[in-house]
Amino acid sequence: VMTAVKETDRAGFEAYCEQLGNGERVVPLTPKAREFFAQPSTAATCRSINALTREIAELEAKIASKGG
């Protein structure tokens, strides 16, 4: 049960980070999460993660198109 809760928490965190990184408004459910996602450094980190995720997807697409 604890693993399922942790996975749900992680999925929620990842979704919030992706939304925040895309410039969307994020409204986390817990006060602790709201405080965390309100920090400017968190928003900057989430933007960086999103940029890297897009870059990885582009590189994977290039590799796939070359039959790699």
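At 8% relative accessibility, Phe37 counts as buried (under 20% relative accessible area, with over 50% being exposed and the range in between partly exposed, for a 1.4 Å probe and protein chains only), whereas Phe13, with a relative accessible area of 38%, is partly exposed. The model is predicted, so that local features need pLDDT of at least 70 and side-chain atom pairs count only at pLDDT 80 or more, while totals for chains, interfaces and linings use all residues. Residues are numbered from 1 along each chain as its sequence is written, and side-chain values use heavy atoms, with hydrogens and water left out.

Phe13 and Phe37 form a tilted aromatic pair, with 5.5 Å centre to centre and 45 degrees between the planes (rings of Phe, Tyr and Trp, the last by its six-membered ring, pair if their centres lie within 6.5 Å; planes under 30 degrees apart are stacked, over 60 edge-to-face, and the rest tilted). Because Phe13 lies in helix α1 and Phe37 in helix α2 (residues 31–38), the pair ties together parts that are 24 residues apart in sequence; helices here are DSSP runs of H or I with at least four residues, numbered from the N terminus. Together with Tyr16 and Phe36, these two residues form one aromatic cluster.

A disulfide, defined as a pair of cysteine sulfur atoms within 2.5 Å, joins Cys17 to Cys46 with an S to S distance of 2.2 Å. This pair links distant parts of the chain, Cys17 in helix α1 (residues 2–21) and Cys46 in helix α3, 29 residues apart. The torsion about the S-S bond of Cys17 and Cys46 is about -120 degrees, and the disulfide is therefore left-handed. Both Cys17 and Cys46 are buried.

Definitions and conventions
Helix = DSSP H or I, 4+ residues; strand = E, 2+ residues; numbered from the N terminus.
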